[in-house]
Amino acid sequence: ADMDHGAMKKISSMFSTLQEKLHRTKRSSSDPGVYPAPAAAPPAGRERSHMGQLFFEYLLVVSLRKKRNEEGYEPHITYQFPKREVMGRLQREEEEKCMKAAHLFCFPEGINWAPLTEYRSETFSFVLTEVDGSRRNGYCRRLLPEGRGARVPEAYCIISSVACFGLFSKIFDEVEKRRQISKAMIYPFMQSLREAPLPSPGNTVTISSFIPDAGTEIISLTRPAESWLEHVDFHTLFRCLSDEEVLMVFAATVTERRIIFISEELSTLSQVLHAVAALLNPFVWQHTFISIVPTVLIDVCAAPTPYLLGVQKSETHTLTHSRTHLMIVDLSPGAETKFITRIGDEESLLPAKLKEELLSRLSTRTRHASTEELNRLVSEAFLSVFVRSVGHFSQHVRRCANGRQFQKKSFLKAVEHKSHLNFVKLFIQTQMFDLFIQEEETQPNPNVFFHRKVSEYHERKKREKMKAGWVRGVVV
């Protein structure tokens with residue numbers, strides 16, 4: 001219980017400190033630590049080069065143990081790889097703090113567990129935010145260990161600076177396959193993985209792993225080519241919500257509101273929250289982001305500042321705080337209403353023409369589209385909103401005596417369609433836009449991909465204009 005309380009204080013401190021830091025440095029370029037990499041959305045990892053970067057920092061096995069003289073269970077870390085004795089003292093202290101937080105996210109439900117005879121394994125992710133604003137990704141696979149009779153689940157947790165949910169899901173498939181044979185079979189595989197170089201986006205690494213009675217297996221692990229989408233799978237988001245409902249969530253997110261998602265499935269929560277954050281690309285959610293809120297941290301829902309939170313359905317009764325300026329989205333299958341509460345203006349926040357074009361592009365997806373195909377279609381559809389509405393920003397970042405500076409007045413006057421103006425005025429007040437512009441003012445070419453998409457849009461418009469003029473000339 002003392003460990004839980006300490007970990008709770010630690011996590012609360014991490015998030016509150018990050019919030020204070022973000023507000024304090026809103027217009028200061030002195031601390032790049034508050035900027036997650038634009039390519040990776042909120043769960044972006046620590047910046048390191050691909051050369052020599054590890055797949056993961058460590059693997060934890062988290063088991064449930066009965067409380068002494070009390071009802072219920074509590075999570076304990078029963079194994080860590082690599083072991084602590086191979087770490088230096090300062091690294092050990094840092095990792096111990098991180099692990100106290102991590103094991104709470106593996107079993108966010110708290111003590112309410114009972115032995116089970118059946119349990120479908122599930123995979124989900126979470127983000128650990130350090131006091132300096134850097135972020136590490138936690139990937140968790142919960143499963144029921146082999147055995148007879150009723151038993152409690154255990155969790156395998158990988159902590160990594162790499163944000164790539166699909167890659168680690170495949171790694172967990174290999175972990176689970178080996179766990180069914182023997183727990184001892186997991187660690188040679190993880191050692192091989194740790195020794196392998198992390199491939200750059202679009203590339204593959206192969207790992208040899210021996211399994212008794214099966215021989216040596218060659219396992220191929222590939223990173224998606226679009227690095228900003230490798231932590232994302234939009235299938236779950238569009239399975240839970242209609243296209244129109246996704247647009248309402250997007251409108252609330254892009255204007256930085258408080259949004260809570262509710263589901264019984266931990267995997268649903270983590271996948272939907274990461275997908276919603278990815279809709280903002282090239283902008284990055286800068287406020288509190290907890291894909292799965294542990295029971296001991298449920299009070300974070302009462303925070304007055306913007307957030308994206310995932311809450312298990314069993315905790316819905318605790319959401320008794322003020323629901324003013326709050327959106328609560330129920331992701332449960334067959335929910336009578338998807339929006340338990342919302343402000344009511346979400347359908348009018350996006351310009352009508354942009355909404356119409358978005359819905360038209362989303363309607364072209366096919367039911368059997370691969371993850372890569374769906375990710376590309378959805379991300380480009382939502383990226384077009386920013387290209388059309390604020391893509392001209394670079395023409396209004398101009399050199400002055402103190403370096404480069406964004407000219408807001410001229411930028412607003414130059415908005416292409418006046419029907420976009422109200423949305424643009426709202427959006428440029430957000431912290432994500434403010435920090436995006438700060439990067440443009442202080443860093444050389446920080447958003448190359450977005451600049452390229454804006455240029456492609458203007459080239460396309462120019463060709464269409466020339467074609468329209470040629471057609472008019474022929475008619476005359």
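**Helix 6 and helix 9**

I looked up first how helix 6 and helix 9 lie in this predicted model, and they are oblique to each other, since angles under 35 degrees count as roughly parallel, over 145 as roughly antiparallel, 65 to 115 as roughly perpendicular and the rest as oblique. The axes of helix 6 (residues 243-254) and helix 9 come within 10 Å and cross at roughly 130°; axes here are lines fitted to C-alpha atoms, for helices over the stretch in contact, with angles from 0 to 180 degrees between N-to-C directions. Helices are DSSP runs (H or I, at least four residues), numbered from the N terminus.

I noted the contact (heavy atoms within 4.5 Å) as Asp 243, Glu 244 and Leu 247 of helix 6 with Lys 355, Leu 358, Leu 359 and Leu 362 of helix 9. By class I have four nonpolar, no polar and three charged residues in the contact of helix 6 with helix 9, where Ala, Val, Leu, Ile, Met, Phe, Trp, Tyr, Cys and Pro count as nonpolar, Asp, Glu, Lys and Arg as charged, and the others, Gly among them, as polar.

**Conventions**

I number residues from 1 along each chain as its sequence is written. The model being predicted, local features need pLDDT of at least 70, side-chain atom pairs count only at pLDDT 80 or more, totals for chains, interfaces and linings use all residues, and side-chain values use heavy atoms, with hydrogens and water left out.

**Helix 9 and helix 10**

I then took helix 9 (residues 352-362) with helix 10 (residues 371-390), whose axes come within 9 Å and cross at roughly 160°, so that the two are roughly antiparallel. From helix 9, Leu 354, Glu 357, Leu 358, Arg 361 and Leu 362 take part in the contact, and among their partners in helix 10 I listed Leu 377, Phe 382, Val 385 and Arg 388. The residues of this contact divide into eight nonpolar, two polar and four charged.

**Aromatic rings**

I counted 22 aromatic pairs, taking rings of Phe, Tyr and Trp (its six-membered ring) as paired if their centres lie within 6.5 Å, with planes under 30 degrees apart stacked, over 60 edge-to-face and the rest tilted. Phe 436 sits in helix 13 (residues 431-442) and Phe 450 in helix 14 (residues 448-475), 14 residues apart. Phe 436 is buried at a relative accessible area of 3%, and Phe 450 is buried at 1% (buried is under 20%, exposed over 50%, partly exposed in between, with a 1.4 Å probe and protein chains only). Both belong to a cluster linked by ring pairs, which also includes Phe 382 and Phe 250.
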